[in-house]
Amino acid sequence: MRASKVARLLWPAVLTLALGACAGGNYRAVSDTPVRIGPAYSIRGTTYVPTAAPIYDEVGYASWYGSESGNRTANGEPFRPGWITAAHTTLPLPTYVEVTALDSGRRIIVRVNDRGPFARGRLIDLSRGAAEQLGIKAQGHAAVRVRRVEPSDKDRERLREGKPAAALERVSERELQKLRARMAPAVR
């Protein structure tokens, strides 16, 4: 094989490695592909089994995290506390969810790119940016509804760039009462 042909064939691989090195930290680029479900895993004696969950809709407690800045997420991306992201124990990575605060009815779209929370009784761990946008940062944790959604391409792009998705209207008081009623059995 001629040297010029070898160089032409190897050039894309060399370019990819060089650009990857510029990113530093061995992080994966922020992307919606591939979507990974992943194998079952155990943390502190509890086994979690990731699943496709196309109709995921649960109520529970959200907490938030932010001091892990610079760490890699389970999706391989750098963790950025100010971005609108979250951690979930079993949803595919990445997944988009609508999170509703059950005290105020505020709703936001969040991109799930990490695993957690591993504290008993917690449904989702929001980044600091997501907790601020949802209005629960000062509380530390709050009752929420987490529902899997398929946002618009524009909202997906905004979230992948660290910006919030388009604002959503608050949930009506009537709907909040129904969601809170679903929460009550989970608390007992």
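**Before starting.** I am working with a predicted model, where local features need pLDDT of at least 70, side-chain atom pairs count only at pLDDT 80 or more, and totals for chains, interfaces and linings use all residues. Residues are numbered from 1 along each chain as its sequence is written, and side-chain values use heavy atoms, with hydrogens and water left out.

**Entry 1: strand 6.** I looked up strand 6, residues 107-114. Strands here are DSSP runs of E with at least two residues, helices are runs of H or I with at least four, and both are numbered from the N terminus. Seven of the eight residues of strand 6 are buried, so the rest of the structure largely encloses this strand. For buried I use under 20% relative accessible area, for exposed over 50%, and for partly exposed the range in between (1.4 Å probe, protein chains only).

**Entry 2: its neighbours.** Next I asked which strands pair with strand 6, where pairing takes at least two DSSP bridges between two strands. Strand 4 (residues 85-87) pairs with strand 6 in the parallel sense, over three bridges. There I found T85 opposite R111 of strand 6. Strand 5 (residues 95-101) pairs with strand 6 in the antiparallel sense, over six bridges. Strands 5 and 6 form a hairpin with five residues between them, and G105 in the turn has a positive phi of about 85 degrees.

**Entry 3: E98 and its partners.** I then turned to salt bridges, meaning a side-chain nitrogen of Lys or Arg within 4 Å of a carboxyl oxygen of Asp or Glu. The count by this rule is 12. E98 is buried at 5% relative accessible area. Its side chain meets that of R107 in a salt bridge, 3.1 Å from N to O. E98 also forms a salt bridge with R147, with the closest N and O atoms 2.9 Å apart. R147 lies in strand 8 (residues 141-148) and E98 in strand 5, so this pair ties together parts 49 residues apart in sequence. R107 is partly exposed at 21%, and R147 is partly exposed at 26%.

Entry 4: In helix 2 (residues 128-134), E132 and R128 are four residues apart, about one helical turn. Their side chains meet in a salt bridge of 3.6 Å, N to O. E132 is partly exposed at 41% relative accessibility, and R128 is partly exposed at 29%. Last, I noted a network of salt bridges linking D32, E77, R111, E150, R156 and R160.
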